Amino acid sequence: MLTMQEIKNHYYFTDTDAELLKELFPLAQSKSEAMVEEFYTYLLKIPETAAFLREPKELARLKKTHAEWFLSLFGGRYDNEYMLTLQSIGQAHVRIKVSAHYVNAAMNVVRRFLIEMLQANFPEISVRRKYRIAVEKILDINLDIMSTSYQEEELRRVFVSH
Ligand code: HEM
């Protein structure tokens, strides 16, 4: 099993990337409600994902959960504890049987949202570029760790069926 440091090395994720993400925290915080609205508009449009979001009381709680995850992208600390949290997030989706396809597609919604946020707030290309690269790395790392939960579940099923 990889450590968080190894994963960061494989994505060329440096302390500078961590600092850049931390700098974006206030901006991301001011946009987190808009991000969650876009995220849920997307999930509610697709019958397969909307099926997980039927209960209104549960929906409010889940929106808060997804907003907290969004802000954790800009927390500035990306250690083994962070990795364990992402593994458990991946496992939560495996457990309730959200297909990996929808997690990947939802990540694309977040990515697009963030790219547009940077586009609107950093007119200077060289500044925007360094933030964008740091954002792309942390999103890919998140997806990588969450996807591993799906791969492990797949292996477990193959193993059990033999
Ligand atoms: C739970 C993040 C995609 C539906 C969660 C949790 C987080 C999270 C942080 C809390 C996990 C926990 O309690 O430990 C994400 C991220 C996604 C994503 C980062 C992709 C970018 C989706 C999609 C759906 C979904 C596509 C489909 C509707 C849910 C539901 C729960 C949940 C229903 C509650 C699970 C439970 O009750 O245990 N998600 N999510 N998520 N997510 Fe997502």
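1. Helix 6 packs against helix 8 (residues 125-160) at an angle of about 50°, and the axes of the two helices are 8 Å apart. Helix 6 is therefore oblique to helix 8. The crossing of this pair is right-handed. These values, like those that follow, come from a predicted model.

2. The contact between these two helices may be followed residue by residue. On the side of helix 6, the residues involved are Y82, M83, L86, Q87, I89, G90, Q91, H93 and V94. They meet I138, N142, I145, M146, S149, Y150 and E153 of helix 8.

3. Where does N142 lie, and is N142 buried or exposed? N142 is placed in helix 8. N142 counts as buried because its relative accessibility is 0%, and the limit for a buried residue is under 20%. Leaving aside residues up to four places away in sequence, N142 touches W69, L73, Y82, L86 and M107. The C-alpha atom of N142 is separated by 9.0 Å from that of Q87, although the two residues are 55 residues apart along the chain.

4. Helix 8 also has helix 7 as a partner. The axes of helix 7 and helix 8 come within 11 Å and cross at roughly 170°. Helix 7 and helix 8 are therefore roughly antiparallel to each other, since angles over 145 degrees are classed in this way. Helix 7 contributes A100, V103, N104, M107, V110, R111, L114, I115, L118 and Q119 to the contact. Among the residues of helix 8 that they meet are R128, Y131, V135, L139, N142, L143, M146 and Y150.

5. The crossing of helix 3 and helix 5 is right-handed. From helix 3, F25, A28, Q29, S32, M35, V36, E37, F39 and Y40 take part in the contact. From helix 5, the residues are L59, L62, K63, H66, A67, F70 and L71.

6. Which residues coordinate the iron atom of the ligand? H66 and H93 do so, each through its NE2 atom, at 2.0 to 2.2 Å. This pair links distant parts of the chain: H66 belongs to helix 5 (residues 56-72) and H93 to helix 6 (residues 80-96), and the two are 27 residues apart. Both H66 and H93 are buried.

7. The geometry of the iron site is octahedral, with angles of 83 to 178° among 6 donor atoms. For comparison, the ideal angles for six octahedral donors are 90 or 180 degrees.

8. Two backbone positions deserve a remark. Most residues other than glycine have a negative phi. Y12, however, has a positive phi, near 50°. Y12 lies in the loop between helix 1 (4-10) and helix 2 (15-23), and its relative accessibility of 68% is why Y12 counts as exposed. K97 likewise has a positive phi, near 70°. K97 is found in the loop between helix 6 and helix 7 (100-121), and K97 counts as exposed because its relative accessibility is 67%.

Notes: Residues numbered from 1 in each chain as written. Predicted model: local features only at pLDDT ≥ 70, side-chain atom pairs only at ≥ 80, totals over all residues. Heavy atoms only, no water. Donors = N, O, S within 2.8 Å, 3.2 Å for Na, K, Ca; no water. Tetrahedral: all angles 85-135°; square planar, octahedral: opposite > 155°, others 65-115°. Helix = DSSP H or I, 4+ residues; strand = E, 2+ residues; numbered from the N terminus. Buried < 20%, exposed > 50% of the residue type's maximum accessible area, 1.4 Å probe, protein only. Axes fitted to C-alpha atoms, helices over the stretch in contact; angles between N-to-C directions. Parallel < 35°, antiparallel > 145°, perpendicular 65-115°, else oblique. Left-handed = near helix turned anticlockwise from the far one by under 90°. Contact = heavy atoms within 4.5 Å.
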